[in-house]
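Open the model in your viewer and keep the selection tool at hand. The stops below say what to select and what to look for there.

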Amino acid sequence: MSINPSEDLKEILLTEDQILERLGDMAQDIDRDYHGKKLLLVGVLKGAVMVMADLSRMLTTPVAMDWMAVSSYGSGTKSSGVVRILKDLDTDLLDQHVLIVEDIIDSGLTLSWLASNLRSRGVASLEIAALFRKPDSVKVDVDVKYIGFDIPSEFVVGYGLDWNEKYRNLRYLASLHEHVYAE
Ligand code: PRP
């Protein structure tokens, strides 16, 4: 499959400047809330890599980072909410202040499952930061403390989000033309 940004991308929904400015606001809120504490950031591979890289570098709170990779059982059953751990954390969460860092909340099923899984590991606290959320797609309510942007329920790529692994490295968020995913 070829990569043709000029043919594939429909519209830039959020520019790099808009994203970084919002992440700065979120970082300020996080620094305020975790003042005097140590924080463990848990990134969810692969989409959250960009958010984690930029958000973590805006924080003054001392942070450690760890990563999880999860997958729903087969692409067709994503809505089942059954999640499989592909890579678990290296860190023991006992008594830790944990902040899950996600790129996007679509149905909310991944985060809902992940939050309850991590909460059961004896954390001191657990909160969620997500840069994008599609309010019209949410199927389960997830308690997200730090949210970047509510976006339309379109197919979007960039800033960590992919279409068949393409376009994750765009600095902005863009919608895809229908012909791309209808192929
Ligand atoms: C995306 C995103 C979230 C999840 C959100 O990951 O990074 O983890 O989907 O969807 P949900 O709210 O409907 O559960 P994806 O499975 O595409 O993997 P990736 O991050 O490796 O691209």
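In which sense do S2 and S5 pair, and over how many bridges? They pair in the parallel sense, over four bridges. Helices (H or I, at least four residues) and strands (E, at least two) are DSSP runs, numbered from the N terminus. Two strands pair if DSSP finds at least two bridges between them.

Before going on, note that this is a predicted model, in which local features need pLDDT of at least 70 and side-chain atom pairs count only at pLDDT 80 or more, while totals for chains, interfaces and linings use all residues. Residues are numbered from 1 along each chain as its sequence is written, and side-chain values use heavy atoms, with hydrogens and water left out.

**Stop 1: strand S5**

Select strand S5, residues 97-105. S5 and S6 run parallel and are joined by eight bridges. One place to check is Ile-104, whose bridge partner in S6 is Phe-132. Nine of the nine residues of S5 are buried, so the strand is largely enclosed by the rest of the structure. Buried means under 20% relative accessible area, exposed means over 50%, and partly exposed lies in between (1.4 Å probe, protein chains only).

**Stop 2: the ligand**

Select the ligand and the residues around it. There are 15 of these, and the closest are Glu-102, Asp-103, Ser-107, Gly-108 and Thr-110.

- Glu-102 has a polar side-chain atom 2.5 Å from a ligand oxygen.
- Asp-106 has a backbone N or O atom 2.8 Å from a ligand oxygen.
- Arg-168 has a polar side-chain atom 3.0 Å from a ligand oxygen.

Such a polar contact is a pair of N or O atoms within 3.5 Å; within protein, one must be able to donate a hydrogen and the other to accept it, and residues adjacent in sequence count only if both atoms are side-chain atoms.

**Stop 3: helix H2**

At 1.5 Å a residue, its 18 residues should span 26 Å, and its end C-alpha atoms are 26 Å apart, which agrees. The expected span is 1.5 Å times one less than the number of residues.

Colour the buried residues of H2: Ile-19, Leu-23, Met-26, Ala-27, Ile-30 and Asp-31. Seen down the axis of H2, they fall within an arc of 140°, so they line one face of the helix. The arc is that of the directions from the helix axis to the C-beta atoms. On the other side of H2, Asp-17, Glu-21, Gln-28 and Arg-32 are exposed.

**Stop 4: helix H3**

Move to helix H3, residues 49-58, where the buried residues are Val-51, Met-52, Asp-54, Leu-55 and Ser-56. Contact means heavy atoms within 4.5 Å.

Zoom in on Ser-56, which counts as buried at 10% relative accessibility. A polar atom of its side chain lies 3.4 Å from the backbone oxygen of Ala-53. Leaving out residues up to four places away in sequence, Ser-56 touches Leu-41, Val-51 and Met-65.

**Stop 5: the sheet of S1, S9 and S8**

Which strand order does the open sheet of three strands have? The order is S1-S9-S8, with antiparallel pairing. The edge strands are S1 (9-14) and S8 (156-157), and each pairs on one side only. S8 pairs with S9 (residues 173-176) over two bridges.

Select Ser-175 in S9. Val-156 stands opposite this serine. Ser-175 is buried, with a relative accessible area of 0%.

**Stop 6: backbone details**

Most residues other than glycine have a negative phi, and most peptide bonds are trans.

- Leu-45 and Lys-46 are joined by a cis peptide bond, with omega about -5°. Lys-46 is in the loop between S2 and H3.
- Asp-95 has a positive phi, near 65°. It is in the loop between S4 and S5, and counts as exposed at 59% relative accessibility.
- Glu-165 has a positive phi of about 75°. It is in the loop between S8 and S9, and counts as partly exposed at 44% relative accessibility.

Terms used:
A residue is near a molecule or strand if one of its heavy atoms lies within 4 Å of it.
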